[in-house]
Amino acid sequence: MSQPTIRLTMAQALVRHLAAQQVRVAGETVPLFAGVFAIFGHGNVAALGEALHEHRAALPTWRAHNEQAMAHTAIAYAKAQARRRMLAVTTSIGPGATNLVTAAALAHVNRLPVLLLPGDVFVSRAPDPVLQQMEDFADGTVSVNDCLKPVSRYFDRIVAPAQLLTALPRAIQVLVDPALCGPVTLALPQDVQAQAFDYPVAFFEPRIVAAPASLPPPEQIAAAAEALRAARRPVIVAGGGVLYGEAADALRGFAERHAIPIAETQAGKGSLPFDHPLQLGPVGVCGSSAANALCAEADLVLAVGTRLADFTTGSNALYAQARLVTLNVNAYDAHKNSALAIAADANRGLDALTRALTGWRAPADWHGRAARLGEEWRATVARLTAAREFAPGELPYEADVIGAVQRSAADSADNDVVVCAAGGLPGELIKLWRTRTPGGYHVEYGYSCMGYEIAGGLGVKMASPGREVIVMVGDGSYLMLNSEIATSVMLGHKLVIVVLDNRGFGCIGRLQRACGDAPFNNLLDEDCATAAGGGAPAVDFAAHARALGATAEHVADIAEFEQAMKRARAANSAYVISIRTDPHRSTREGGSWWEVAVPEVSTRASVREAREGYAAALRKRDGDLEA
Ligand SMILES: Cc1ncc(C[n+]2csc(CCOP(=O)(O)OP(=O)(O)O)c2C)c(N)n1
Ligand SMILES: [Mg+2]
């Protein structure tokens, strides 16, 4: 007997299948896809729109204001859900679709799942060229969606309705597999979306999808345990994989049992409470003095769930002499830097490693020193973020604002989530933000994408409605992408948004000067040409945010800001506070070298001097590597 079928359009089948996928989270069975963000246009409104409307109870659809932004929201949602649950995003053909490229790259870099469903041009080609179709002169199979191929973990174009039967299970497998996950793109030609087909009924039955937790190969555990037992000065570097693998408790137990101090990356911050005795603070370019001093002396670094990006490794100079042992679910990351690799799930890997290390503890003088330096760093953080007196006309800088945000609630370290991505703030937040809970620190620093902040905050709030989500954003990032303030108001997901207005691209201005370059084209009042006679714009952020539906105020100083933060916390809808800050100041404590290429020849003496410093740093690093 043939199996029962049901006649559906490709778009209807797609939506039904997505709605049927479930996942177990904290003992409950919930939909894998919590919903779909959609901006309709031609290429997705007629057929996919019809299907989404039909199934809106099982799979809700929401509208946003910009495709890149709604993908940021979806990606942030998945990050805040530790990749257990996710969203889909659909766009029209052409510009709607290409607006996804930046967000897809962001998801790819950060190893975060998101399902992208751009419309595509007619497979029939009968009406070609349709509105917004880019005609490739040499290849009839190309559409603008091909731009998404290099930034997708899995890409498919559904050129026949039956193809969903193989494409969708593959797509979902990639989305839920922690070793593979990232953006998945299914390009949906508009004529195929509307075509009907007899799909097997079984394709739409509810199904619980499970994320495979890979076991560590015993020989990798044995080799890593042997290296650890021989170590006198071990340090753990905790990356995002600790949080995504929900291994914070396991890591803490492991570190306590074996007396190994922990340093955190941008994605891994929050793995250990900020005030835990083994906490060294952040590692690397924006690292703490404690973590960087210990990493520089370490004879072994156990890197758990990290991509080992330059900000973590100090451009491969910080712990180049240490034996590197990695534990990563993703073999690509596990095998970086010729590491002694354990390719496994973090919980499973730590469990196996601790069994192989029974009875072993790092030497007491080493972890005693770690505890002292960690304590000193916490005192430094407290000092930098404390309320203080300001000289007349003196502007606050990021540390003052961060301190005031945290002072404005007694439970900040337990309940707040700070969201950020680009500018000077990530470097300050990683040093100075105090959190005791996984998820309390949400900084997208893999792609460090200006414009992630507000849209990302919305996704975090959707995932964690009970927590206070505080977006901290520079004036530059705010101006680049702020439209989802209106979406936050529209969907009723409250955000507190703090705009640090230092009138320009402060961190890039500082980097430019540090490289000996002339101040140029970064700060609105100081080095941006206004030859046309326009003058620097005086942007009224509070008025702008009010125009988008938020409650907003501009404050004159830190004391006013702290009071405004209390009002923002008491509010139940989007609340924006702007404050002027100093573009020239940043926290000098901590930090390590970062490789930025300085010109080899220049008419500027300051560039030549900076080049000498750069060359010396390269000799030191590359000498270290050879030694
Ligand atoms: C989309 C994007 N474009 C450019 C950059 C490069 N960039 C990094 S930070 C920055 C300036 C950010 O300005 P603002 O948000 O005001 O923060 P500030 O540096 O002043 O702290 C720029 C241009 C980026 N990270 N992302
Ligand atoms: Mg700025």
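Trainee: What radius of gyration would a compact globule with 627 residues have, and what does the protein have?

Mentor: The radius of gyration is taken over C-alpha atoms, and the globule rule is 2.2 Å times the number of residues to the power 0.38. With 627 residues, that gives a value near 25 Å; the protein has 25 Å, which agrees. Its C-alpha atoms fill a box of roughly 75 × 70 × 55 Å along the principal axes.

Trainee: What kind of model is this, and how is it numbered?

Mentor: It is a predicted model: local features need pLDDT of at least 70, side-chain atom pairs count only at pLDDT 80 or more, and totals for chains, interfaces and linings use all residues. Residues are numbered from 1 along each chain as its sequence is written, chains are lettered from A and ligands numbered from 1 in the order in which they are written, and side-chain values use heavy atoms, without hydrogens and water.

Trainee: How many helices and strands are there?

Mentor: Helices (H or I, at least four residues) and strands (E, at least two) are DSSP runs, numbered from the N terminus. The protein has 25 helices and 23 strands.

Trainee: Which residues are closest to ligand 1?

Mentor: A residue is near a molecule if one of its heavy atoms lies within 4 Å of it. Here 16 residues surround ligand 1. The closest are Ser448, Asp475, Gly476, Gly506 and Cys507. Helix α20 (475–480) and helix α22 (506–514) each supply at least two shell residues. The largest share, four residues, comes from α20.

Trainee: Which polar backbone atoms lie by ligand 1?

Mentor: Look for polar contacts, pairs of N or O atoms within 3.5 Å. A ligand 1 nitrogen is 2.8 Å from a polar backbone atom of Ser448. For Met450, a nitrogen of ligand 1 is 3.3 Å from such a backbone atom. An oxygen of ligand 1 lies 2.8 Å from a backbone N or O atom of Cys507.

Trainee: How much of the accessible area of ligand 1 does the protein cover?

Mentor: Accessible areas come from the Shrake-Rupley method with a 1.4 Å probe. Ligand 1 has 580 Å² on its own, and the protein covers 76% of that.

Notes: A polar contact is a pair of N or O atoms within 3.5 Å; within protein, one must be able to donate a hydrogen and the other to accept it, and residues adjacent in sequence count only if both atoms are side-chain atoms.
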